[in-house]
Amino acid sequence: MQRFVRVITDDLADKELEYVIPGDWASKIEVGSRVKVPLRSRDLLATVVAISDQATVEGARPITAIVSPGPVLSPALLDLVRWMSDYYCCSLGAALRAAIPQVIRRAEVSFKRERYVEPILNVAPDELEGLRRRSPRQAAVYDWLCGLQQHPTRWADARAGAGTTDRTLQQLVERGLAKVSVLNAGRDPYGGETFIPSRPLALNDEQQSALHLVASSIQERNPQPVLLYGVTGSGKTEVYLQAIQRCLEHNRGALILVPEITLTPQTVERFKMRFGAEMVAVLHSHLSAGERHDEWHKLRDRRARVAIGARSAVFAPVPNLGLIVVDEEHENSYKQEEAPCYHARDLAVVRARFEKCAVLLGSATPSMESYQNAHSGKYRLARLRSRVDDREMPLIRVVDLRQEFLKQKTLPIISTRLGLAIEERLQRKEQAILFLNRRGFASSLICNACGYVCECQNCSVALTYHLEENRIKCHLCGHAAVAPGKCPQCADPGIRYAGYGTEKVEGAVRKLFPQAVIARMDADTMSRKDAYRETLTSFRTGKIDILIGTQMIAKGLDFPNVTVVGIINADVGLHIPDFRAGERTFQLLTQVAGRAGRGDLTGEVFVQSSTPFSPSIQFARHHDFEGFWEQESEFRHRCDYPPFVHLILIHVRSEHQGRAELSAETLHRRLREGLDPSVTLHAVVPAPIARTKGAYRFHILLRSRAVLRLSRQIKATIEKITFPEDVHVGVDVDPYYLL
Ligand code: ADP
Ligand code: ZN
């Protein structure tokens, strides 16, 4: 009997195609298998998404090769891919490509094979005696092998460990005293590290009831999300750990998403310590292709049952999934900024539905979306109101930069109060963190005489001055040039550096505290792969007194000895044309403040601002999430913003301004026809950053209560229009940045 498959090809197509399985391959192919199929004159890689006995088209051609027989996608993940292509307005091919790592799709990397050796143990005693007399060196190596805790051992390790040669080992094999085997050698990104086992802690009452809620969801296979809202340091991670323990006890797997894994090595450590290094597989963008291949297979083949990773790990192949945890669910790094523009937290919630598993979202500053869902009863809410052991929340002091300006006649980088606090803490051998979400030295170069501002030649933004390299750089496209000594326009030498970034903060702090050891962490100083880990280790072990950084240091880091945190300028990011500016600022201040006083010492936080009465600053100061949420909700509701509606942003861009605008207008006109009256379609506008990387950008914004129908309509409309070749049209559903 002939069998047929439907496949999705890797070339971003949006259609399923049908092929015949050649007779003797039928037993080797299942849903999720990777194959090669002919399309016109080419062979394409493809994924099998359905198998049947009945053809739906005539003259289907046969599959030409099997690339990997084992499934790369479970039925639940396939459902997720289909949902994703529908919701996020991308092709099936694009959704599939996002879901399966390239090393797995291409199947060009395989396991590393290595030689292993082990001793033969039941050897006659007189034979051994003979060996000891005739060749004591071989006997010593044999004894060394027998003394190992684990068999077999890598050949190369044995040779080095026993201090011997290939030849001696080979002689043991020839005498029948040792055996060689060739095995898969794991490429473990954490191979060189040891993890000291940790035991579950006795939970406090609030943690207990949070765990209870999640555990019953796991038990009942209830995908209704649980939102765990717990202040920084309230023990959320311990709840995750114990919930995962429940999964493992029931032979089910778990998936943990963290915002940016390279920024939180501590998190991986805590999971590996609790469940053993082997049980936990790690997926993130800094793995080599070989490591990623091995970690992925460890999960699919059930050798590891806990997956931990950043955004794309939402697709991790964990069989019999019991729980998905999304840590710091409010973090914007869960949102993918290029197509397909999915949000990993939202996909996690949908995946839980397809997997019939529990989903737990944790945060100290829940997103407006998730908290609204908890409020409306769509999610269940668990709260951790206090820090573990009733440690105090740090004291937050707001420093009014306007007053400082009046007193000092210049705007200081470090206010008098912050300076004094740092000095006092340093004397007590405590540590400080200074935070500014802007790198470089000066945020722009302005000519005093003619007002000329150095702008990027490709983007409509000012260039940032970097002192150490003496260059001006564009943070959007990477364009860089030597900093001009005089104005490029009027040749006046009085060109001035306006605004400041972390590099300038570092200079100012070095002048103020010449004795202190200071380190800076931002994209400029952390370009090397291990730099981040090294700096954090030095900071943790007390070799650094003051750490200066961008949002890199705002994330879940835990330093017990940090007692003073300075937010150099809270206004950065607050006064920009984006409805989420207030929410982002509130979250950032709360998270950064959470870095202070994690140990036995109480911490102090200084927030410097020229708009000290902004609601996001005031609510953060009083640790008042509810208050912030209420006010922000009211604003979002009044102005028709998420979480009360969904936004869809369509980008149209081209290097040719006229063609971009015209294409956007055409698309706008076509969209308007047949649009549901409940949907708001806004006019075509130039994007707030009107030009990046040489391309002019136009936006079309839509608001709607429901997404799926509108998304399908947009996709269909775009497909029907033939845009000029240089015009690129992208759709961002639930966009995070509107710039
Ligand atoms: P969060 O994830 O909410 O920031 P953590 O889980 O990192 O908080 O907990 C903060 C600290 O408190 C950690 O050092 C953790 O080991 C400790 N901790 C958590 N729960 C308990 C508990 N029930 N008893 C004692 N210590 C705890
Ligand atoms: Zn640029």
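Analyst: The account below begins with a central strand, moves to the core and a helix pair, and ends with the backbone geometry of several loops.

This is a predicted model, in which local features need pLDDT of at least 70 and side-chain atom pairs count only at pLDDT 80 or more, while totals for chains, interfaces and linings use all residues. Residues are numbered from 1 along each chain as its sequence is written, chains are lettered from A and ligands numbered from 1 in the order in which they are written, and side-chain values use heavy atoms, with hydrogens and water left out.

Strand E10 covers residues 253–257, and five of its five residues are buried, so the rest of the structure largely encloses the strand. Buried denotes under 20% relative accessible area, exposed over 50%, and partly exposed the range in between (1.4 Å probe, protein chains only). Helices (H or I, at least four residues) and strands (E, at least two) are DSSP runs numbered from the N terminus. Gly253, Leu255 and Leu257 lie on one side of E10, with Ala254 and Ile256 on the other, and all are buried, which leaves both faces covered.

Two strands are said to pair if DSSP finds at least two bridges between them. E10 pairs with strand E13 (residues 321–326) in the parallel sense over five bridges, and glycine 253 has leucine 321 as its bridge partner there. E10 also runs parallel to strand E12 (residues 306–309), to which four bridges join it; here leucine 257 stands opposite glycine 309.

Leu257 also belongs to the largest nonpolar core, which has 114 residues; Leu257, Phe315, Leu347, Ile650, Leu667, Leu702 and Ile714 have the most contacts inside it. Helix H1 (residues 75–87) gives the most to this core, with seven residues. A nonpolar core is a set of buried Ala, Val, Leu, Ile, Met, Phe, Trp, Tyr and Cys residues joined through side-chain atoms within 4.5 Å. In soluble globular proteins, nonpolar side chains tend to be buried together.

Contact, for its part, requires heavy atoms within 4.5 Å. Leaving aside residues up to four places away in sequence, phenylalanine 315 touches Leu77, Leu80, Met84, Ala98, Ala99, Tyr342, Leu347 and Arg351. A second, separate core of 31 residues includes Tyr190, Leu241, Ile244 and Leu384.

The axes of H1 and H2 (residues 92–99) come within 8 Å and cross at roughly 130°. H1 is therefore oblique to H2. Axes are lines fitted to C-alpha atoms, for helices over the stretch in contact, with angles from 0 to 180 degrees between N-to-C directions. Angles under 35 degrees count as roughly parallel, over 145 as roughly antiparallel, 65 to 115 as roughly perpendicular, and the rest as oblique.

Most residues other than glycine have a negative phi, and most peptide bonds are trans. The peptide bond from alanine 339 to proline 340 is cis, with omega near -5°, and proline 340 is found in the loop between E13 and helix H12 (344–355). Proline 642 and proline 643 are likewise joined by a cis peptide bond, with omega about 10°. Arginine 221 has a positive phi of about 50° although it is not a glycine, and at 38% relative accessibility it counts as partly exposed.
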